[in-house]
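I opened my notebook to look up a few features of this structure and to write down what I found.

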Amino acid sequence: MGINQVEPSAIREKWLNKYTWAWASWDWGQAAINAVMITFVFTVYLTSELFGDTDHASLVLSQALAIGGLAIALLVPVTGLRADVAGRRKLWIVVNTLVLVAICAACFFVYPDPSYLWFGAILVAAMSVFGEFAGVNYNAVLNQISTKATVGKVSGFGWGMGYVGGILALALVLFLFVQPIVDWPGASTEESLNLRWVAVFSAAWCLLFALPLFFVIPEAPPSTSKKIPLMLTYKVLFNNIRELWRSDRNLLFFFCSSAVFRDGLAAIFTFGGVIAAGTFGFELTEVIIFAIVGNVVAALGAVLGGRIDDVAGPKAVIVGSLIGLLVAGAGVFFSPEAAGFWIFGLLLCLFVGPAQAASRSYLSRLIPEGREGELFGLYATTGRAVSFLAPALFAGAIAIATPLVASGQAQRYGILGILVVLALGLLLLLPIRSPKKVTA
């Protein structure tokens with residue numbers, strides 16, 4: 001039985017309750033995988049000179065992630081649909097989270113040697129796959145623990161908790177493993193032991209903060225009494241998409257627009273550290289410090305944006321955030337020194353959080369009851385379908401600028417490629433109707 005059937009009054013009267021805390025705690029734990037392993041620390045280790053030529057290492061990692069992205073695009077909508085039908089949403093969050101934790105811990109065995117490069121890249125790609133599998137059903141729980149009137153606050157709170165979890169995880173990694181403030185065996189740099197221990201730390205962090213969801217959130221009820229055979233799942237999925245085209249094209253158009261602007265949002269984090277180091281001369285420690293401060297700002301933005309969401313609606317939050325991102329991104333592009341990157345880079349972080357949280361709440365308001373897993377699966381798939389766009393324009397802008405500017409200055413122009421993606425996402429979003437406002 002779902003939460004709405006267990007304690008509906010608790011959800012209506014007090015949005016910040018034990019269910020909200022338990023749900024958001026999972027995002028807090030997941031942040032160690034995203035921020036530490038996939039974005040700022042472990043992948044930097046994996047693409048360093050310890051694994052041979054850095055360009056080759058980056059190519060191997062991108063190939064592995066591309067394969068993982070294909071797996072997500074093919075499998076995530078189906079897994080979400082089947083979880084809805086069977087009423088096993090929480091079960092699959094638990095299973096996929098446990099697999100994710102095991103894969104993360106296995107990264108401890110990625111020794112600093114070129115022969116371990118593919119092994120490490122495959123593990124990172126697998127983390128992205130199982131993290132997305134768990135995340136689809138996690139997002140689908142949002143409608144269980146909120147009402148249409150509070151979904152913005154709850155979604156923003158979840159994103160904010162994720163950012164705060166990332167802040168603390170990055171801080172602990174920095175002061176325990178990268179620049180240890182105390183001398184202890186786990187901080188040894190011999191055979192990169194300190195960076196390999198980061199994987200174990202991240203796995204433990206993820207598991208620990210996932211436990212409240214495991215034990216507090218009840219299982220959702222099945223959306224139908226009918227069973228769908230595995231071989232027919234894709235047929236049912238495509239039939240459902242055709243039905244959406246006939247009955248709710250607004251929702252399908254939102255999938256398309258959000259896929260584009262979410263790719264731009266992802267690129268800000270993906271290439272933020274690269275730009276900080278390559279264009280503005282940040283050292284690794286400085287990059288991590290900026291990431292910590294940036295996550296603080298993004299968390300505040302997500303929580304504030306969530307409250308505005310419930311008053312003005314998610315579309316207003318997304319549109320305002322995208323405009324703010326375009327202005328801040330232009331500021332980064334024109335900044336000649338690191339101080340400008342700090343100012344405008346933190347402004348980028350301020351607007352990223354609300355855009356991400358409002359995008360999730362926007363979809364939650366549009367989804368028909370009982371199809372949360374399926375449609376959040378499509379949400380993930382459409383995002384993956386255009387995930388090449390921002391990286392391609394980032395690289396293309398650099399390639400065009402290289403023969404035209406001084407040596408070492410071309411990377412700055414990659415920012416323009418990201419801004420083009422954000423602007424395109426904004427233009428695609430503008431014609432889409434806002435969800436109806438609900439006050440109770």
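How far is the sulfur of Cys104 from the closest cysteine sulfur? I found 5.7 Å, to the sulfur in Cys107, which is too far for a bond, since a disulfide is counted as a pair of cysteine sulfur atoms within 2.5 Å.

Before going on, I noted that this is a predicted model, in which local features need pLDDT of at least 70, side-chain atom pairs count only at pLDDT 80 or more, and totals for chains, interfaces and linings use all residues. Residues are numbered from 1 along each chain as its sequence is written, and side-chain values use heavy atoms, with hydrogens and water left out.

**Cysteines.** I next looked up Cys206, whose sulfur has its closest cysteine sulfur in Cys104, at 7.2 Å, again too far for a bond. By the 2.5 Å rule, I recorded 0 disulfides. Cys104 is buried at 0% relative accessibility and Cys206 is buried at 2%, where buried means under 20% relative accessible area, with a 1.4 Å probe and protein chains only.

**Helix H14.** I followed this helix (a DSSP run of H or I, at least four residues) through residues 338-366, and its 29 residues reach 42 Å from the first C-alpha to the last. Of these 29 residues, 21 are buried, so H14 is largely enclosed by the rest of the structure.

**Confidence.** I checked pLDDT, the predictor's confidence in each residue, from 0 to 100, and the chain has a mean of 83, with 86% of its residues at 70 or more. Confidence is lowest in helix H1 (residues 3-6), at a mean of 45, and highest in helix H9 (residues 193-216), at 96.

Methods
Helices (H or I, at least four residues) and strands (E, at least two) are DSSP runs, numbered from the N terminus. The expected span of a helix is 1.5 Å times one less than its number of residues. Buried means under 20% relative accessible area, exposed over 50%, partly exposed in between (1.4 Å probe, protein chains only).
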